[in-house]
Amino acid sequence: MAKTLRVLSVASEAFPLAKTGGLGDVVGALPAALLREGVVVRTMLPGYPAVMAALASASAVHVYDSLFGGPARLLAGQAGGLDLFALDAPHLFARTGGPYDHADNALRFAAFSRAAADVGKGIVAEFVPDVVHAHDWQTGLVPAYLHYDGGPRPATVITVHNLAFQGRFDGLTLDTIGLPWHAWGIDGVEYYGAIGYLKAGLALADRITTVSPTYAAEISTPEGGMGLDGLLRHRASVLSGILNGIDDAVWNPATDRHLAARFEAGHRAARVANRVALRARMGLDATPEAPLFGVVSRLTWQKGMDLVLAELAELMDGGAQLAVLGSGDAGLEAAFVDAARRHPGRVAMHVGYDEGLAHLIQGGADAIVVPSRFEPCGLTQMCALRYGALPVVAHVGGLADTVVDANDAAVASGVATGVQFFPVTGEQFAFAIRRTLSLWQDPARWRRLQARAMATDVSWQHSAQQYARVYRESMANR
Ligand code: ADP
């Protein structure tokens, strides 16, 4: 048995304490999965009001008289099923609003990263980590502080959950964030004439991961690299893609209380009851012979939601129904509401975020469409696989890595789990819809695809093994 590793996971969100997206899910789920691999994780979060409330009785393990403009304390305790450190710095984090709705984000997350680097260097004797794992731009300075401090340090790993968010700040001086002048430069924190937090992490961490192998390749190209591809190519030998998993206790069709009827892979007949319930709940006609497509998504350009609207006729002409749950871009919301008005009983739109309805759509729809223009990993298609709703996805990022396209060869050899299309255009999406409708015409074949989809391993176990390996290698390469 390998030696137990201690990892400090540093992030701006962790489910269930703070979450705005997939980052929070991953940071919240990894510790339990890693424990089974002999890795002990402490998670460090900013002391937002919700985190402080959950840690009401925690003890202070370090006190800063002044940290970037005000007193601060480091608290240790447990909350939300996580072993936590929280940075209680009221001048930075005791605020209402979302975690990123603030003009002084550069200072807030520099202070947070400084404190995380201090924990990395052993400021808290009871937990001295072997590895510090940073997530996204908010913690990109952690590897930088540890690098420029000099002296003994833990190994560092940074994970990119979405390269679109980079934390590039103009008008900030190195002095303000406590870095030495020689940190300025192409090998340091300088990024197109400003300070780049994610860039700093990518330049200085011992290892880099991102959330799928295909996204790792895409972000290393000029088309997908969003200005950072040159650096990522330079660091290719330490970059790897590790797929996310989904929480298989929350997303389990055999125990899911949001469903009208629970079901297992071998007994999918109960899906019919969910389809009936979904139609009733969303006001769709009770037409058993119509294939039912679902969407559960943020309504944004990234997610290709405009393509669903543009190719709606393809679904309508094919006799299908469409159930949409989502919120986001106001223009897209209005356009889906309008589509539902124009096709009553055949298109239904629920504007908002609704966990229960998301589960019912996964358990009742025949297919789930995810036509993303880019998708670092994507969770919706993994939920769809687990629930036997065949994913119809763009061949990008994690969508490419988790779905096996139902081409003739894949269907014949029994490995297909959904439908993929590329490039991400209306024409190709329309073609994918026609292919899906044609697959659906053959119930026996459709059932085989469903069974195979539901057998896909979407758990965290395999990913946790890969993270554990990266941690061990990062210590060896340091
Ligand atoms: P992203 O993090 O980019 O939004 P992911 O596919 O990685 O996309 O994760 C999104 C998660 O949020 C999925 O589990 C999806 O089911 C869920 N989700 C998205 N929109 C809604 C909504 N309107 N209501 C309920 N759940 C939603």
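This is a predicted model: local features need pLDDT of at least 70, side-chain atom pairs count only at pLDDT 80 or more; totals for chains, interfaces and linings use all residues.
**Group meeting: backbone features and the ligand shell**

Let me begin with Tyr-192, which sits in the loop between β9 (190-191) and β10 (194-196), where helices (H or I, at least four residues) and strands (E, at least two) are DSSP runs numbered from the N terminus. Residues are numbered from 1 along each chain as its sequence is written, and side-chain values use heavy atoms, with hydrogens and water left out.

Tyr-192 has a phi near 45 degrees, a positive value in a residue other than glycine. Is Tyr-192 buried or exposed? Tyr-192 is exposed, at a relative accessible area of 58%; here buried means under 20% relative accessible area, exposed means over 50%, and partly exposed is what lies in between, with a 1.4 Å probe and protein chains only.

Met-226, in the loop between α7 (213-218) and α8 (229-234), likewise has a phi near 45 degrees, positive although the residue is not glycine. With a relative accessibility of 34%, Met-226 counts as partly exposed.

Two cis peptide bonds also deserve a look. One runs from Phe-15 to Pro-16, with omega near 5 degrees, and Pro-16 belongs to the loop between β1 (5-10) and α1. Another runs from Phe-422 to Pro-423, with omega near -5 degrees, and Pro-423 is placed in the loop between β18 (419-421) and α17 (426-440).

A further proline, Pro-71, lies in the loop between β3 (59-64) and β4 (72-79) and is exposed, with a relative accessible area of 56%. The C-alpha atom of Pro-71 is 6.5 Å from that of Ala-89, although the two residues are 18 apart along the chain.

Now the helices. Helix α1, residues 22-35, has 14 residues and spans 21 Å from its first C-alpha to its last, close to the 20 Å expected at 1.5 Å a residue; that expected span is 1.5 Å times one less than the number of residues in the helix. Ten of the 14 residues of α1 are buried, so α1 is largely enclosed by the rest of the structure. Among those buried residues are Ala-29 and Pro-31, together with Leu-23, Val-26 and Leu-34.

How many of the residues of helix α6 are buried? For α6, residues 197-204, the count is eight of eight, and the helix is described as mostly covered; the buried residues include Lys-199 as well as Tyr-197 and Leu-204.

Asn-274, in helix α9 (residues 271-282), is buried at 0% relative accessibility. A polar atom of the Asn-274 side chain lies 2.8 Å from the backbone oxygen of Ala-261.

Leu-322, in strand β14, is also buried, with a relative accessible area of 0%. Leu-322 is 38 residues from Leu-284 in sequence, and their C-alpha atoms are 8.6 Å apart.

I finish with the ligand. Which residues are closest to the ligand? Of the 14 residues surrounding the ligand, the closest are Arg-298, Lys-303, Gly-352, Asp-354 and Leu-379, where near means that a heavy atom of the residue lies within 4 Å. A polar side-chain atom of Lys-303 is 2.9 Å from an oxygen atom of the ligand, and a polar contact is a pair of N or O atoms within 3.5 Å, where within protein one must be able to donate a hydrogen and the other to accept it, and residues adjacent in sequence count only if both atoms are side-chain atoms. The backbone takes part as well: an N or O atom of Gly-352 lies 2.8 Å from a nitrogen atom of the ligand, and a backbone N or O atom of Asp-354 lies 3.0 Å from a nitrogen atom of the ligand. Taken alone, the ligand exposes 560 Å², of which the protein buries 88%; accessible areas come from the Shrake-Rupley method with a 1.4 Å probe, and for residues only the protein chains shown count as cover. The elements giving two or more residues to this shell are β13 (292-299) and β14 (321-328), with β13 supplying the largest share, three residues.
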